[in-house]
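Let's go through this one in questions and answers. Have a look at the picture before you read on.

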Amino acid sequence: TRKALEHRFYASMQRLSFDTAGRITLPEALCARFGLTSDVLITGLGASFQIWQPTAYAAYQAEQDVLVAAAFAKREGL
């Protein structure tokens, strides 16, 4: 299982390039796969970051808010 997870994770990684102004450029196939257009949302995760389609991130964040609220509610019930 670990080997399958490692393969899935590392095989999906992509090296990014920079334009002449030093900005990262995303491959067209990656943008198409995740619905990225001119408007994106960048979220910081400590030493890394994620690039999201704004509507997709809003839905994800709403799901995470529910999970966090449930975790706090469970903790308060101990």
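Rings of Phe, Tyr and Trp (its six-membered ring) pair if their centres lie within 6.5 Å; planes under 30 degrees apart count as stacked, over 60 as edge-to-face and the rest as tilted. This is a predicted model, where local features need pLDDT of at least 70 and side-chain atom pairs count only at pLDDT 80 or more, while totals for chains, interfaces and linings use all residues. Residues are numbered from 1 along each chain as its sequence is written, and side-chain values use heavy atoms, with hydrogens and water left out.

Q: How do the rings of Y57 and Y60 pair: stacked, edge-to-face or tilted?
A: By the ring rule, the count comes to three aromatic pairs. For Y57 and Y60, the ring centres are 6.2 Å apart and the planes sit at 45 degrees, so the pair is tilted.

Q: Which residues do ring pairs link into a cluster?
A: Y57 and Y60 are three residues apart in helix α3 (residues 54–76), about one helical turn. Helices here are DSSP runs of H or I with at least four residues, strands are runs of E with at least two, and both are numbered from the N terminus. Ring pairs make a cluster of W52, Y57 and Y60.

Q: Which residue in β4 stands opposite T43?
A: Strands β3 (residues 41–45) and β4 (residues 48–52) run antiparallel and are joined by five bridges; two strands pair if DSSP finds at least two bridges between them. They form a hairpin with two residues between them. Opposite T43 stands Q50.
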